[in-house]
Amino acid sequence: MSDPRTPFSPRGQEILEEVRRFAQAHLEPTEDRYERELLEVGPTGTPPVLDELRALALDRGLWNLFLPQLDPEAPGTPLSTLDYAPVSEILGRYPHGPEALNCNAPDTGNMEILAAFGSPTVKERYLAPLLAGEIRSAFSMTEPDVASSDPTGLTLTIRREGDELVLNGRKWFSTGALLDRCAVLVVMGLSDPDAPPHRRHSMVVVPKDAPGVSFGAEPRIFGYHDRGGHPEILYRDVRVPMDHLLGGLGDGFAIAQARLGPGRVHHCMRTLGAAERALDLMVTRSLERRPFGASLAQRGQIQEWIAESRIEIDMARQYVLAVADQIDRLGAKAAATGIAGIKVVVPRIALRVVDRAIQVHGAAGVTQFTPLARLYAHLRTLRIADGPDEVHLMTVARREIRRHHPGFRLGVPQVPDHAP
């Protein structure tokens with residue numbers, strides 16, 4: 001993997017500086033207010049400060065920056081994957097950063113596939129209000145009874161009946177689905193059990209209030225009640241029109257791959273933003289605390305932790321930027337090895353940095369009085385979300401072995417080369 005062949009575009013650099021100024025002037029000063037208001041509105045509501053920030057961002061054109069193929073008539077400023085990457089890192093420093101600019105997951109990935117594969121009806125009813133920031137969405141793929149690291153095993157059924165599609169099954173970890181503004185679900189399910197493994201599944205757009213949609217258990221992540229939740233969703237004879245199908249029947253796996261390429265770059269850069277935040281906190285704490293007559297910053301072990309964190313973050317950033325550049329130039333399929341690689345490396349590095357920061361903070365590091373405990377819980381989850389480390393390592397190994405021996409077959413042929 002080489003470094004990006006071209007620097008950031010002039011327009012990308014301009015937007016990056018505008019986002020940096022916006023973060024310093026508006027995101028950083030409002031973080032405490034966001035947390036207070038979130039307690040007041042509850043985990044399904046929207047803190048009022050978010051609407052204020054979103055209005056400011058929209059007015060400045062700092063909106064929908066993640067979507068290179070943004071329709072010229074839609075609000076926002078499209079950036080390439082490479083140009084958007086450092087923007088995503090800045091936003092990752094703040095819990096409300098991505099949503100303030102309408103660049104928050106899972107809406108980003110959902111908007112990408114609705115734009116690429118949605119019917120005119122889907123684009124009008126769901127994509128347009130998502131791009132305008134009027135509604136939120138959820139991605140309903142993971143199932144509690146199967147290993148969702150292999151999406152060819154998903155069991156929720158999608159059956160065609162005349163001009164309708166009928167869904168039956170159970171999902172969970174549909175992040176954000178409990179938000180009061182979440183209005184639409186993107187659902188992946190089994191539409192043809194007799195087709196080849198990668199042609200068995202389809203994706204369907206389902207209104208959240210469709211008859212037959214209900215909510216069950218609500219898993220918590222390391223005990224945290226995350227905003228919007230990660231709920232179980234039950235689909236019982238849920239009917240939607242055929243024009244709510246994304247692409248064609250059997251296209252679900254291919255659409256999932258299209259969704260997850262740039263999305264993993266976004267995830268990784270936000271994660272590096274969180275790691276930078278943790279490093280800042282580590283250094284500040286090391287300068288403030290003076291056990292045994294000297295500041296922690298004067299101790300060799302702490303200096304080693306700070307140095308290793310700086311080196312690891314900078315190395316990881318270059319890796320992610322190289323992958324982003326490859327996606328822009330060659331497409332997500334050609335960048336599959338790098339996409340898998342960054343998904344393994346970046347959360348691991350960020351976790352090490354956060355863990356060091358927690359240790360420097362002592363007991364305070366595991367409380368709600370710093371963002372470190374919540375960051376650790378979130379980053380540890382990323383080693384499972386969007387595919388566990390083991391699947392991505394298998395992808396990298398498979399491609400590396402085949403580079404030397406094209407006919408080599410590994411032991412689990414039904415698992416895709418870059419499974420979500």
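The structure is a predicted model, in which local features need pLDDT of at least 70, side-chain atom pairs count only at pLDDT 80 or more, and totals for chains, interfaces and linings use all residues. Residues are numbered from 1 along each chain as its sequence is written, and side-chain values use heavy atoms, leaving out hydrogens and water.

**Helix pairs**

- Two packed helices are described by the angle between their axes and the distance between the axes.
- Axes are lines fitted to C-alpha atoms, for helices over the stretch in contact, and angles run from 0 to 180 degrees between N-to-C directions.
- Helices (H or I, at least four residues) and strands (E, at least two) are DSSP runs, numbered from the N terminus.
- Helix H9 (residues 300–330) packs against helix H10 (residues 336–361) at about 160°, with the axes 9 Å apart.
- H9 and H10 are therefore roughly antiparallel, a label for angles over 145 degrees.
- The contact of H9 with H10 has 15 nonpolar, 5 polar and 4 charged residues.
- Here Ala, Val, Leu, Ile, Met, Phe, Trp, Tyr, Cys and Pro count as nonpolar, Asp, Glu, Lys and Arg as charged, and the others, Gly among them, as polar.
- The axes of helix H6 (residues 107–117) and helix H7 (residues 120–131) come within 10 Å and cross at roughly 145°.
- Contact (heavy atoms within 4.5 Å) involves Met-111 and Leu-114 of H6, among others, and residues of H7 including Val-122 and Tyr-126.
- The contact of H6 with H7 divides into 8 nonpolar, no polar and 2 charged residues.

**Nonpolar cores**

- A nonpolar core is a set of buried Ala, Val, Leu, Ile, Met, Phe, Trp, Tyr and Cys residues joined through side-chain atoms within 4.5 Å.
- Buried means under 20% relative accessible area (1.4 Å probe, protein chains only).
- In the largest core, of 48 residues, Val-19, Leu-65, Leu-101, Met-203 and Leu-246 touch the most other members.
- Helix H1 (residues 10–27) gives this core its largest share, 6 residues.
- Beyond four places in sequence, the contacts of Leu-246 include Ile-113, Phe-117 and Met-203.
- A second, separate core has 37 residues, including Leu-272, Ile-313, Ile-339 and Ile-358.

**Other buried residues**

- Helix H11 (residues 372–382) has buried residues, among them Leu-372, Leu-375 and Leu-379.
- Helix H8 (252–288) and H10 are among what covers the buried residues of H11.
- Ser-174 lies in the loop between strand S3 (164–171) and strand S4 (182–190).
- Ser-174 is buried, with a relative accessible area of 0%.
- Leaving out residues up to four places away in sequence, Ser-174 touches residues including Phe-139, His-230 and Pro-231.

Key. Angles under 35 degrees count as roughly parallel, over 145 as roughly antiparallel, 65 to 115 as roughly perpendicular and the rest as oblique. Buried means under 20% relative accessible area, exposed over 50%, partly exposed in between (1.4 Å probe, protein chains only).
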